[in-house]
Amino acid sequence: MEYFVQQLVNGLTLGSIYGMIAIGYTMVYGIIGMINFAHGDIFMLGGFAALIVFLVLTSFFAGLPIVVMLVLMMVAAMLVASLWNWTIERVAYRPLRGSFRLAPLITAIGMSIALSNFIQVTQGPRNKPIPPMVSTVYDVFGISVSLKQILIIVITAVLLSTFWYIVHRTPLGRAQRATEQDRKMAALLGIDVDRTISVTFIMGAALAAVAGTMYLMYYGVVSFNDGFVPGVKAFTAAVLGGIGSLPGAVLGGLLIGLIESLWSAYFSIDYKDVATFSILAIVLIFKPSGILGRPEVEKV
């Protein structure tokens, strides 16, 4: 039982990271109906931004408290990732918004490849490790729970609550929901649709950057190709939970993390991805809109 609970804690930690990335996918899809395949690379970019800030701070301010260092890393990562995602939306996605449906998809894949290769050229192809930032481990009834696991789970819960409040209780959230339902009607009612979409991309990038910082803190290493696999897993989580639903994105991320952790613990680790996508297929067969998703209504 202790081993099982230990794997649950590990799965919740990994799933929290997937959930934070998945929120960005589901927000962009909910607003403009496209999948931003560069979002996984924005997550990776956030990790590199946090790494650079960490190296600068440890070089010039060696005695800085870990809490302050983490906050500065997250803020810097959020700013850099948000600026990049805003630029991508303005340059690559907005001009194609009225084009045929495959054009934004192809552009998103192109931006993903371009961003990954840009980081490879500027930062090098090798893994970039950092020393352990948070090494405190608590023994709770025979279960090892590290402080960094607690931080990741708590930060995910706080950010989900914050973004849920923004979407459902603020003027920006009302503008986002109106744009999601009907962009033309929202524009006629005085909503700046372009600004709303840009802010949505910025919000998604900020969450991905926090996830990138948590990933760096948890694993202690980041690489230029780290955006692909977590990005695909997070997209899978968004679809599994019901793309377009913020709680569904986090729920899907937690389920993906738990499936991976439990499968790796009790079965061959080589087949953990097979198990994840098999369960996704089974869920979508019986519930095509995802666990918390709503069936799409065709407007005629």
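**Entry 1: methionine 217**

I began with methionine 217, which lies in helix H8, residues 193-219. A reminder to myself that this is a predicted model. Is methionine 217 buried or exposed? I found a relative accessibility of 3%, so methionine 217 counts as buried. Setting aside residues up to four places away in sequence, methionine 217 touches Leu70, Val134, Lys148, Leu151 and Ile152.

I moved on to isoleucine 66, which is placed in helix H3. At 36% relative accessibility, I have to file isoleucine 66 as partly exposed, because that value falls between the 20% and 50% cut-offs. Not counting residues up to four places away in sequence, isoleucine 66 touches Met133 and Val134. Val134 was already in my notes, as a contact of methionine 217. For a distance, I took isoleucine 66 to methionine 111: they are 45 residues apart along the chain, and their C-alpha atoms are separated by 34 Å.

Serine 82 is also in helix H3, which covers residues 66-93. I read 12% relative accessibility for serine 82, so this residue counts as buried. Which residues does serine 82 contact, leaving aside neighbours within four places in sequence? I listed Ile202, Ala205 and Ala206.

**Entry 2: glycine 173**

Glycine 173 sits in helix H6, residues 171-181. The relative accessibility here is 0%, so I put glycine 173 down as buried. Leaving aside neighbours within four places in sequence, I find glycine 173 in contact with Ile166 and Val167. I also checked phenylalanine 163, ten residues away from glycine 173 in sequence, and the C-alpha to C-alpha distance is 9.0 Å.

**Entry 3: lysine 233**

Lysine 233 lies in helix H9, residues 228-241. Is lysine 233 buried or exposed? The relative accessibility is 3%, so lysine 233 counts as buried. I then looked for polar partners. The side chains of lysine 233 and glutamate 260 are joined by a polar contact of 2.5 Å. A polar contact of 3.0 Å joins the side chain of lysine 233 to that of aspartate 273. Not counting residues up to four places away in sequence, lysine 233 touches Tyr18, Ile256, Glu260, Lys272 and Asp273. That list sent me on to the helix pairs.

**Entry 4: H1 against H9**

Helix H1, residues 2-32, packs with H9 at an angle of about 70°, and their axes are 8 Å apart. That angle makes H1 roughly perpendicular to H9. From H1, I noted Tyr18, Ile21, Ala22 and Tyr25 in the contact; from H9, Pro230, Gly231, Lys233, Ala234, Phe235, Ala237 and Ala238. By type, I sort the residues of this contact of H1 with H9 into nine nonpolar, one polar and one charged.

**Entry 5: H10 against H11**

Here I picked up Glu260 and Asp273 again, which both touch lysine 233. The axes of helix H10, residues 246-266, and helix H11, residues 272-286, come within 9 Å and cross at roughly 140°. In H10, Ile256, Ile259, Glu260, Trp263 and Ser264 meet Lys272, Asp273, Ala275, Thr276 and Ile279 in H11. I count this contact of H10 with H11 as five nonpolar, two polar and three charged residues.

**Entry 6: H2 against H4**

My last pair was helix H2, residues 39-60, and helix H4, residues 102-123, whose axes come within 9 Å and cross at roughly 25°. H2 and H4 are therefore roughly parallel to each other. I noted their crossing as left-handed. On the H2 side, the contact is made by Asp41, Ile42, Met44, Leu45, Phe48 and Ile52; on the H4 side, by Ser112, Leu115, Ser116, Ile119 and Gln123. The residues of this contact of H2 with H4 divide into seven nonpolar, three polar and one charged.

Key:
Residues numbered from 1 in each chain as written. Predicted model: local features only at pLDDT ≥ 70, side-chain atom pairs only at ≥ 80, totals over all residues. Heavy atoms only, no water. Axes fitted to C-alpha atoms, helices over the stretch in contact; angles between N-to-C directions. Helix = DSSP H or I, 4+ residues; strand = E, 2+ residues; numbered from the N terminus. Contact = heavy atoms within 4.5 Å. Nonpolar A, V, L, I, M, F, W, Y, C, P; charged D, E, K, R; others polar. Buried < 20%, exposed > 50% of the residue type's maximum accessible area, 1.4 Å probe, protein only. Polar contact = N/O pair within 3.5 Å; in protein donor to acceptor, adjacent residues only side chain to side chain. Parallel < 35°, antiparallel > 145°, perpendicular 65-115°, else oblique. Left-handed = near helix turned anticlockwise from the far one by under 90°.
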